[in-house]
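Let's take a walk through this protein together. Have the sequence and the 3D view ready, and follow along.

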Amino acid sequence: MSTAYVMAEPEGDALDASLQNILDQKSLKWIFVGGKGGVGKTTTSCSLAIQLAKHRESVLLISTDPAHNLSDAFSQKFSKEATPVNGFTNLSAMEIDPNAAMQDMVEGASEESGMGSMMQDLAFSIPGVDEAMGFAEVMKHVKSMEFSVIVFDTAPTGHTLRFLSFPTVLSKALTKLSSIGGRFGPMLNQVSSMMGAGVDANNMFEKLESMKAVVEEVNSQFKNPELTTFVPVMISEFLSLYETERLIQELTSYEIDVHAICVNQLLYPDADTNCKHCRVRWQQQQKYLKEAYELYGEDFHIVKMPLLSEEVRGTDSLKKFSEMLITPYKP
């Protein structure tokens, strides 16, 4: 006996099940795509970047996940420099390598201060160095802003929340350091000259002040819904729904805009299928999809993406998949 598989739908008035609203919002400069590990963040961020490239002058896709997947998704090697994506004239991608970036920073500081080995030991022992290097890349782009929009393929939720809280934490730390600089700058100059380290405290604190200004600019841009939004990606399972709820609450506490959710890997079984596993999985997915609609149906654009029988890999495959972010999938 065949079962009629009717997909859960929101009750009452609901926003469009599409990310068209993000394409239409031309003021957006920063778009973050994130969620639990293994839910399809990279595929979604690549697809969104492809759609944005149709509407914007230039798009940059950055991976801040230490386990990079952009190269695998596009079947093209990317590095820490922005590289044009094959088949596009206005889409570039890059993968931040925190270790290489930290090494460059340490070597630059060593040449200036002569404190190489100490700087190296200190730098590589700092917790959250991945997030720090990702944030340093953001700061570079705030200064230059040569791309009209930047899409972030982020690390799993915990890393991403640390990354997004970084501007606030860093701003507070730099304010404290600046106040210390005013009081102890002359003394540090004397101590460093006695030790022969050749550290110019005044120069160092001037750099901190200029860095603080950029950090505060990043902070204000991230909190501006006209400039920044976050797109959580989830699958229709308990753990993913729970983590998405936690992520949205955290983003709200950071004052970061979030108004669209992408639900990936949804089953659309044939009505005449005899697959018991498909039926059980479908029922489970419907249960959590209904819960997602109850939680977010009125205020969020909830985009439903299908579980395909083939891998979404390579530019052509990503282009086809990206269409479903804008035009709802119909089996």
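Which residues of the largest nonpolar core touch the most other members? They are Phe-32, Phe-152, Leu-164, Phe-230 and Tyr-296, out of 43 residues in that core. Helix α10, residues 276-296, supplies the largest share of this core, with six residues. A separate second core has 38 residues, including Leu-28, Ala-49, Phe-74 and Val-231.

A quick word on terms and ground rules. A nonpolar core is a set of buried Ala, Val, Leu, Ile, Met, Phe, Trp, Tyr and Cys residues joined through side-chain atoms within 4.5 Å. Buried means under 20% relative accessible area, exposed means over 50%, and partly exposed is in between (1.4 Å probe, protein chains only). Helices are DSSP runs (H or I, at least four residues), numbered from the N terminus. This is a predicted model, where local features need pLDDT of at least 70 and side-chain atom pairs count only at pLDDT 80 or more, while totals for chains, interfaces and linings use all residues. Residues are numbered from 1 along each chain as its sequence is written, and side-chain values use heavy atoms, with hydrogens and water left out.

Now zoom in on Phe-32. Leaving aside neighbours within four places in sequence, Phe-32 is in contact (heavy atoms within 4.5 Å) with a list of residues, among them Phe-152, Leu-164, Phe-230 and Val-231.

Next, the cysteines. There is one disulfide (a pair of cysteine sulfur atoms within 2.5 Å), and it joins Cys-275 to Cys-278, S to S 2.4 Å. The torsion about that S-S bond is about 80 degrees, so the disulfide is right-handed. Cys-275 is partly exposed because its relative accessibility is 26%, and Cys-278 is partly exposed at 22%. Cys-46, in contrast, is buried at 0%, and Cys-262 is buried with a relative accessible area of 0%.

Methods. Helices (H or I, at least four residues) and strands (E, at least two) are DSSP runs, numbered from the N terminus.
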